[in-house]
Every structure is written in C-alpha cells, then in structure tokens.
Amino acid sequence: MTIKEIQEELVDEFSMFDDWMERYEHMIELGKSLPLIDEELKTEDKLIKGCQSRVWLNADTRDGKVVFTADSDAVITKGIIAILIRVFSNQKPEDIINADTHFIDEIGLKEHLSPTRANGLVSMVKQLKLYAVAYQAQLNN
C-alpha cells in the first residue's frame, strides 16, 4: 500500500469512533501491535528529542525501503508512534520525505493532544523523515 492509501485507511478507521475516549483506546491498542525496537537499541542516540515521554526509534533498510521499529514508556505515545510507523514503514525514502501528514489533522489527533504531546508528535514525524533523508542520501551515493 502507498502512504496515501494507509493514511486514508487510518482516517476511515478513526472515523468509526464517536468520541475521543474510544479513539484513545484504539491508539493504545495500536501501540500494543507496534513492531518493537530491540532492547539493545534503546540507547540515547535512538531517543526522539522533543518528546515528553521516552520514545526510541530505529530505522533500517530492506530492499530499498525504510523499516522502522520503536518503543515508548507511555501508552498514548506508543500508540502515536505506532500510527506513524504504520504509515511510513516499508516505504521508499523518497516517498517518506515527500509525504504530507494531512491525516493527522483529519483524524483530529493533534487537537486532542496536550501541547507537549503535540510537540512530541511533530518531533516524531521530523525524526522519521530525517531517517528517510539519510537513507535517500546513501542511495544517491
């Protein structure tokens, strides 16, 4: 699936819930299915700066696509990074770099997070894209 298709799928998924408590519960469930980062990779250099909670993010490439794994010490944050990984993992670096994140606004995520969590969300997206930029640079060399 393309990034756009996955985003549309998430928008449809979240629109099934009537209120934000149900959406938070769904996010927590998504966090439980997150492809977890190996314990030995939970190092300072893998921590996303700008997050209130501790969020570790790792990226590798497989067949020219970026594969992300992550973990967090907070359930909501784990759900947020799980959503982002679902959208961006197993995609080409160029597609990650060029992708917009309109789906975040469409599902109402940013407006229902505390300001510090919303800042963390922005930091997560930025870090995912930075990994993609680094891998794209390697492909171009």
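**A hairpin, a core and a cavity**

Let me begin with strand E1 (residues 55-62) and strand E2 (residues 65-72), which pair in the antiparallel sense over 8 bridges; two strands pair if DSSP finds at least two bridges between them, and helices (H or I, at least four residues) and strands (E, at least two) are DSSP runs, numbered from the N terminus. Please keep in mind that this is a predicted model, in which local features need pLDDT of at least 70 and side-chain atom pairs count only at pLDDT 80 or more, while totals for chains, interfaces and linings use all residues. Residues are numbered from 1 along each chain as its sequence is written, and side-chain values use heavy atoms, with hydrogens and water left out.

Within the pair, threonine 61 stands opposite valine 66 in E2. E1 and E2 form a hairpin with 2 residues between them, and aspartate 63 in the turn has a positive phi of about 55°.

Now to the core. The largest nonpolar core has 42 residues, and those with the most contacts inside it are Leu57, Phe68, Ile81, Leu84 and Phe88; such a core is a set of buried Ala, Val, Leu, Ile, Met, Phe, Trp, Tyr and Cys residues joined through side-chain atoms within 4.5 Å, where buried means under 20% relative accessible area. The largest share of this core, 9 residues, comes from H3. Phenylalanine 68 touches, among others, Pro35, Leu57, Ile85, Phe88 and Tyr131, not counting residues up to four places away in sequence, and contact here means heavy atoms within 4.5 Å.

Next, consider glutamine 127, which is found in helix H6 (residues 115-140).

Finally, a search of the whole structure finds 1 cavity of 30 Å³ or more. On a 1 Å grid over the protein atoms alone, a cavity is a set of points where a 1.4 Å probe fits but cannot get out, and lining residues have an atom within 4 Å of a point. About 50 Å³ of space lies in the largest cavity, and its lining includes Cys51, Thr77, Arg117 and Met124. The largest share of that lining, 4 residues, comes from H6.

Terms used
1 Å grid on protein atoms, 1.4 Å probe; cavity = no way out; pocket = protein on both sides within 12 Å on 5 of 7 lines; lining within 4 Å. Points joined across faces, edges and corners; volume = space filled by probe spheres on them. Buried < 20%, exposed > 50% of the residue type's maximum accessible area, 1.4 Å probe, protein only.
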